[in-house]
Amino acid sequence: MPRLFSYKDFESGSNKVRQYADKHAPVIICDREAARDCPFKVKVRIGTSVKHPNAPDHHYEYIQLWSLETLMGEVRLQRSSYGDDPLFIETEFSIIPKVSLRLKALAYCNRHGLWESEEVFVKVNDSPNK
Ligand SMILES: [Fe+2]
């Protein structure tokens, strides 16, 4: 099992340590309720206030979206497609939920390892059209 890092592991550190954690930690952005069997969009963004490098020897390689033990989606990032400057990487997943979700995003930096987001609970309700 690889070691997993989260923003919480570093939040009591110095400003520099918190900035390090901020630029690595994925954040899930989505509604907290969804309609069953209807497309539902989940955005994952790496970093909220500090951009992560995107250099050949230091960059993000993939972002995964999980609901408990189920892998909902994965995006492999082609570094050169995003230029050489630091950036906030974002991706969007579109899923069709059947049951309520307990989402967590994982993202892998080739220099600083695997980072996890906070868990986000999404209540899935019966669609009004069914
Ligand atoms: Fe990094």
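Q: What share of the 130 residues in the chain is buried?
A: First, the term. A residue is buried if 20 or more other C-beta atoms lie within 10 Å of its own, exposed if 12 or fewer, and partly exposed in between, with C-beta atoms placed from the backbone. Here buried residues make up 22% of the 130 residues. Keep in mind that this is a predicted model: local features need pLDDT of at least 70, side-chain atom pairs count only at pLDDT 80 or more, and totals for chains, interfaces and linings use all residues. Residues are numbered from 1 along each chain as its sequence is written.

Q: Why does Q19 count as partly exposed?
A: Count its neighbours. Q19 has 15 C-beta neighbours inside 10 Å, so it falls in the partly exposed class. Q19 sits in helix α1, residues 15-22. From Q19 to V122 is 28 Å, C-alpha to C-alpha, across 103 residues of sequence.

Q: Which secondary structure elements does the chain have, and in what order?
A: Elements are DSSP runs numbered from the N terminus: helices are H or I with at least four residues, strands are E with at least two. This chain has 1 helix and 10 strands. From the N terminus, the order is β-α-β-β-β-β-β-β-β-β-β.

Q: How do strands β5 and β6 run relative to each other, parallel or antiparallel?
A: Two strands pair if DSSP finds at least two bridges between them. Strand β5 (residues 60-67) and strand β6 (residues 70-76) are joined by 6 bridges and run antiparallel. S67 stands opposite T70 in β6. The hairpin of β5 and β6 has 2 residues between the strands, and L68 takes a positive phi near 50° there.

Q: Which residues have the most contacts inside the largest nonpolar core?
A: A nonpolar core is a set of buried Ala, Val, Leu, Ile, Met, Phe, Trp, Tyr and Cys residues joined through C-beta atoms within 7 Å. The largest one here has 17 residues, and V42, V44, L65, L103, A105 and A107 have the most contacts inside it. Two or more residues come from each of β4 (40-46), β5 and β8 (101-109). β8 gives the most, with 4 residues.

Q: Which residues does L65 touch?
A: Two residues are in contact if their C-beta atoms, placed from the backbone, lie within 7 Å. Leaving out residues up to four places away in sequence, L65 touches V42, V44, M72, G73, F93, L103 and A105.

Q: What share of contacts in the chain joins residues at least 24 apart?
A: Take contacts between residues at least 6 apart in sequence. Of these, 64% join residues at least 24 apart.
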